[in-house]
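Please read it alongside the sequence and the model shown here.

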Amino acid sequence: MKQTTHPPDHRSERAPAAAAPPRDSGAGTRRRPPSAQWAAWAFLAPVTLYLVLFYAYPLYRNIDLSLRHYTVRSFVQGDAPFTGIENYLTVFDDPTFAPALLHTVVFTAVCLVFQYAIGLALAVFFHQNFRLSATLRALFLVPWLLPLIVSASTWSWMLNSDSGVVNAFLNAFGVGPVNWLTSPDWSLTSVIIANIWIGVPFNLVVLYSGLQSIPAGLYEAAALDGANAWQRFWRITVPLLRPVSAITLLLGLIYTLKVFDIIWIMTRGGPADSSTTFATWSYQLGFGNLLPAFGPGAAVGNLLVVAALVFGLIYVRAQRKQALS
């Protein structure tokens with residue numbers, strides 16, 4: 001009997017899996033086309049050139065001035081001898097250093113406190129969105145928009161001992177004339193008042209923008225829970241406005257440290273150096289004498305740069321710590 005042989009049944013066998021397409025090992029690190037790279041460099045070049053020409057190079061020149069003994073001749077010819085930190089030691093030993101440091105600290109601290117406090121109060125006031133709110137906010141920007149020479153000249157006229165409107169106003173209440181600009185007891189106060197008036201609009205604009213970002217629902221929920229206006233301010237406005245407040249104070253600090261125009265136009269740092277700060281002292285050393293001291297003047301300017309840099313680093317560290325927490 002012949003045995004029948006059946007062909008093998010391949011239907012029960014598994015079909016081989018389809019081969020996966022090769023993976024692109026460089027998909028995650030795909031390089032940009034050359035045209036995109038050139039476009040990126042083209043946009044970056046103007047900013048880099050601006051920073052180098054107007055920040056890096058002047059800072060380098062100022063450091064070089066402070067480390068060499070420059071005269072008018074060597075300043076032109078560029079052959080000043082290297083003296084190291086001698087100019088800084090000269091500045092520290094100068095009898096003007098201690099009063100100028102004290103005036104700089106007082107001027108900066110008082111201006112910052114009052115500019116921020118008044119700016120915050122005005123920002124909260126205008127945040128109510130009442131009638132004429134936008135018009136009044138625009139009027140408050142006038143001191144910020146005026147050239148500093150105009151603002152300082154206006155305050156010099158207002159605080160004039162003989163014909164100023166401030167003394168005329170005080171005289172109406174029986175207060176004798178005050179020598180605002182010519183008395184060592186009042187000169188620093190005069191420039192502080194003028195600088196506060198000029199700096200309030202900046203604080204108002206920035207803090208008002210910060211208030212706009214706070215959801216109105218938070219205040220409504222707090223009011224429903226029985227919180228009064230003062231509690232809503234301290235529990236909602238102040239904490240949520242802290243990042244904006246920090247950058248406002250930092251920018252105000254940097255600006256106030258280098259204020260020169262207002263002080264120089266109103267008092268020229270006098271009388272008897274009673275309103276001299278590091279900014280005006282640096283100018284006096286470098287350009288206010290027949291024999292300019294370029295090195296010590298640059299050294300005083302670098303002290304201001306270091307102070308601003310220290311506070312900037314403190315701000316960056318605080319922001320980084322807050323982000324990590």
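Contact here means heavy atoms within 4.5 Å. The structure is a predicted model, and the points below describe how helix H3 meets helix H15 and how Arg 61, Asp 64 and Arg 68 are linked by salt bridges.

**Helix packing**

- The axes of helix H3, which spans residues 86-93, and helix H15, which spans residues 294-324, come within 8 Å and cross at roughly 80 degrees.
- Because angles of 65 to 115 degrees count as roughly perpendicular, H3 is roughly perpendicular to H15.
- On the H3 side the contact is made by Asn 87, Tyr 88, Val 91 and Phe 92, which meet Gly 295, Pro 296, Ala 299, Val 300, Asn 302 and Leu 303 in H15.
- Sorted by class, the contact of H3 with H15 has seven nonpolar and three polar residues, with no charged residues.

**Salt bridges**

- The count of salt bridges comes to two, and Arg 61, Asp 64 and Arg 68 are linked by them in a network.
- In another, the side chains of Arg 68 and Asp 64 meet at 2.8 Å, N to O.

**Accessibility of the network**

- Asp 64 is buried, with a relative accessible area of 13%, because buried means under 20%.
- Arg 61 counts as partly exposed at 25% relative accessibility, and Arg 68 is partly exposed with a relative accessible area of 26%.

Methods:
Residues numbered from 1 in each chain as written. Predicted model: local features only at pLDDT ≥ 70, side-chain atom pairs only at ≥ 80, totals over all residues. Heavy atoms only, no water. Axes fitted to C-alpha atoms, helices over the stretch in contact; angles between N-to-C directions. Helix = DSSP H or I, 4+ residues; strand = E, 2+ residues; numbered from the N terminus. Parallel < 35°, antiparallel > 145°, perpendicular 65-115°, else oblique. Nonpolar A, V, L, I, M, F, W, Y, C, P; charged D, E, K, R; others polar. Salt bridge = Lys/Arg side-chain N within 4 Å of Asp/Glu carboxyl O. Buried < 20%, exposed > 50% of the residue type's maximum accessible area, 1.4 Å probe, protein only.
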